There are 2 protein chains.
Amino acid sequence: MEPRPAAPLPADDPAALVEAVTARLHARGERMTKPRRAVLVALASGPRHATADDVVEAVAAQDATVHRSSVYRALEALSRLGVLQHVHLGHGATTYHVAQPDGGVLHLQCRRCGHVRGAPADLAADLAGRLAADYGFRLDSSHVALSGLCAACAVTAPR
Amino acid sequence: MEPRPAAPLPADDPAALVEAVTARLHARGERMTKPRRAVLVALASGPRHATADDVVEAVAAQDATVHRSSVYRALEALSRLGVLQHVHLGHGATTYHVAQPDGGVLHLQCRRCGHVRGAPADLAADLAGRLAADYGFRLDSSHVALSGLCAACAVTAPR
DNA sequence: TTAGCTGCAAAAGGTTTGCAAATTA
DNA sequence: TAATTTGCAAACCTTTTGCAGCTAA
């Protein structure tokens, strides 16, 4: 269920990604199937982050015979493999992306306009260190999007 | 929709809370109703944080005639008033609590056992400062629960 | 009296599941 | 061949909404 950090994956190269993932699947006695391949191609070709529904649409564009539930199952299987990771947005659906080798990036979501932007994960190093020291809590700063007001909205927002 | 910081509220005293909130509602031409009162009593009497469904149950125990949808509308109305705030948990439903006077607390959720614990919001001061300086992003650190591994789970977890 | 609310019922949005048939290795 | 996965359909869960009637102030 939970993503386990993986060796770098060719996140932007559909063919190479499929190949790399196929090897990992086989190593576990699992299979590379049409839905899984389509999901990987969709995530390697399209926008960095996509909701399950975005993936369903992108997959449908490739192959209309792939069922919605298979996309959900593929997303789950690939996440379990450590190939995909997801980010929870407070307001809005979970988004998926090809796993980042390192700690990944911070996701900043504006609570007003909903826009999400990335930021270096090391910005949270101080926080992570304090949480570890004070509570023994190992922060995974890229698993949920941080909420706040983006610069644009902060201008017009009351606070 | 978004909570606006409010003056301190008697979060643990049902009667006092209802009284304080009634005044705020009236000041806006709104009303203290049976569902709203029940929601406030439930949140002031029960656990600090509760999901909408937890509140529905607690309210039902007080008065079975209050409808589920009224609880949702009461939670929304009281949030709009600034009396309640909510926290998004990555895995799991949104939880509601009586608004904290200051920046509130950080919520740390273990991705393994799901347990949530609080921590001082100022632990994120460094991060908030950097996000503001680098991106003009005003972090609301208590609006979403941070994800990671709690101390107990970190012992048995691979990483 | 009269907005502001509620209760009800139905819909909506997102995700999951049981199962027989298809497919991968 | 044999185990893994899929397609389909239905179920689920949480939240939202239209509307007529109720009720707080």
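In the predicted model, the side chains of Asp140(A) and Arg111(B) meet in a salt bridge, with N to O at 3.7 Å; a salt bridge here is a side-chain nitrogen of Lys or Arg within 4 Å of a carboxyl oxygen of Asp or Glu. The count between chain A and chain B is 2 salt bridges. Helix H5 (125–135) of chain A is among the elements that each supply at least two residues of the side of chain A that touches chain B, and H5(A) gives the most, with 6 residues. Helices (H or I, at least four residues) and strands (E, at least two) are DSSP runs, numbered from the N terminus. In total, 38 residues of chain A are in contact (heavy atoms within 4.5 Å) with 38 residues of chain B.

DNA strand D is surrounded by 19 residues, a residue being near if one of its heavy atoms lies within 4 Å. Among the closest are Arg31(A) and His26(B). H4(B) gives the most to the surface near DNA strand D, with 4 residues.

Residues are numbered from 1 along each chain as its sequence is written, with chains lettered from A and ligands numbered from 1 in the order in which they are written. Local features need pLDDT of at least 70, side-chain atom pairs count only at pLDDT 80 or more, and totals for chains, interfaces and linings use all residues, while side-chain values use heavy atoms, with hydrogens and water left out.
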